[in-house]
Amino acid sequence: MTAAFEKNLRRAEKYLARFEDGVLGHFIGGEHAANSAPGETFEDTSPVDNRVIARIAAGGAADIDAAAQAAAAAFPRWRDTPGAERRRILHRVADLIAERADEIALVESVDSGQCIRFMEKAALRGAENFRFFADKADEAAAGRSMPASEHFNYSLRQPIGPVGVITPWNTPFMLATWKIAPALACGCTVVHKPAEWSPLSAMLLAEIMHAAGVPPGVINTVNGGGETVGKALSEHPLVRAIAFVGGTETGSAIMRQGAATLKRVHFELGGKNPVLVFADADIERALDAVLFMIYSLNGERCTSGSRLLVERGIAGDFLARVAERARRITVGHPLDPRSVVGPLIHPRHHAKVMRYLELGRAEGATLAAGGAGEGNYIQPTLFCNADNSMRIAREEIFGPVLVAVEFADEDEAVGIANASRYGLAAYLWSEDAARAQRLARRIDAGMVWVNSENNRHLPSPFGGMKDSGIGRDGGDYSFEFYMETKNICVAHGGHRIPRIGA
Ligand code: NAD
């Protein structure tokens, strides 16, 4: 064991100690709150060894109601707080995240199984999300000016009201900040429901926001199950909108649940993202990106490049090199700085991914690397000679499993890329600029990266087509969701008004 690993273990133990005793409840109206039903709890386990690291309140409709009431009560004042003041407070949130980035990363790593090398960056990205949207707090209300001959129309935007944010377990802290920061920047108040498999960092975030001066009720966090707390949140009449990140089937359920109260919804859902590698690509860079986009973050990543489409002429060599590098990736304890792939989130998820490994063999794909797993771990796996009709090529596996399909030409590549229910991200590798432009337009995906891995630029739109989502995040797109556009029409004074009954 290296000194750095040992140090991480020691510090993680220190930070996790607070969660060991008692029950982690909710954060409502600026205070820690016990569960409405005191006996109802569930266990939060660490993917490292499936040991219980915390006991969590299994909230219910009463807890959501308390949180929604708190968010509604806090809304008018937060909405009317000058943008400059919201900006100041949210920058303070970012400062405190950066100060506690170490603690956030260590807790998140043990809770989610994601390797510390990635979680350190994710915590800091959380701070960046707050800074980025804080700087836009003042301009969020800005609209358009639309002069006409007899009237002057101008639009402005106003925050929609209290909103619900429901997040998944894969990179919980970063995703929560990505959703919550724009909501608060534009003047909405929030009820957040974190995922039950990795809920700890959400409480750190609520505490940090409170300490930074976010007023009571502006952020509320309620723990519990999806079909209880998540459902109650998406049905609550005081909650105007639901920003959801998670699985496609859950997105449909939320849409149904929110129908009676006409919820506005924003969905970031699953993906089976194609990576197209042409013979004229910069092969070394493509290789690095292909490996990074499937095996980092345990492959538990919505934008993972999980379908590798390779031009036939280079497929043999290219796939042999992917396999060789995949076999050399260090799988291990997430707090070991050398680890690249850690344990999958939960035995249930591990079992699901293992079933896909069996299925891939049964469907006739060739296992070129990995294919085994122990505990919650899975070796980085590569299936070659796959056909896009196979389930391993169609369904989201959400683990370190890459499925390679060969193509002959551009048209076939686009056909395969688009033969998917999903349309979140696509990655294109070709040094032919014209081809890259052509294909980028033809591929059904909300985001296309040309000669790059997933590289985030906060003002740019993030989101998917087809079953991968509804709506876009990032920059002004986030405000479009969290705000109502209002048009104000002012007459110049002399236009003719129809006279009836005169
Ligand atoms: P999930 O859909 O099972 O759960 C996500 C959240 O929804 C959890 O908090 C859960 O408790 C809650 N939930 C479950 N049922 C609910 C219901 N009926 N009503 C309201 N809430 C409910 O997803 P997961 O397994 O936690 O996460 C993995 C999925 O998330 C993958 O499909 C992945 O692609 C997707 N994801 C998408 C993005 C993106 O930006 N597109 C990012 C990360 C993860």
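## A helix across a sheet

Contact here means heavy atoms within 4.5 Å, and angles run from 0 to 180 degrees between N-to-C directions, with axes fitted to C-alpha atoms, for helices over the stretch in contact. The H and E labels are DSSP runs, numbered from the N terminus: helices (H or I) have at least four residues and strands (E) at least two.

This is a predicted model, in which local features need pLDDT of at least 70 and side-chain atom pairs count only at pLDDT 80 or more, while totals for chains, interfaces and linings use all residues. Residues are numbered from 1 along each chain as its sequence is written, and side-chain values use heavy atoms, leaving out hydrogens and water.

## The sheet itself

How are the strands ordered? Two strands pair if DSSP finds at least two bridges between them.

Look at E17 (residues 381–384) and E18: they run parallel and are joined by 3 bridges. Phe383 has Val403 in E18 as its bridge partner.

Now find helix H14 (residues 410–418), whose buried residues (under 20% relative accessible area) are Glu410, Ala413, Val414, Ile416, Ala417 and Asn418.

Elsewhere, helix H1 (residues 3–20) and helix H7 (residues 200–211) pack at about 90°, their axes 12 Å apart. That makes H1 roughly perpendicular to H7, a term for angles of 65 to 115 degrees. Leu16, Arg18 and Phe19 in H1 meet Leu200, Met203, Leu204 and Glu207 in H7.

## Cysteines and an exposed glycine

How many disulfides does the structure hold? There are 0, where a disulfide is a pair of cysteine sulfur atoms within 2.5 Å. The sulfur of Cys186 has its closest cysteine sulfur in Cys188, 4.0 Å away and too far for a bond. Cys186 is buried, at 2% relative accessibility.

Gly493, in the segment after strand E24 (483–491), is exposed at 62% relative accessible area; exposed means over 50%.

Notes. Angles under 35 degrees count as roughly parallel, over 145 as roughly antiparallel, 65 to 115 as roughly perpendicular and the rest as oblique. Buried means under 20% relative accessible area, exposed over 50%, partly exposed in between (1.4 Å probe, protein chains only).
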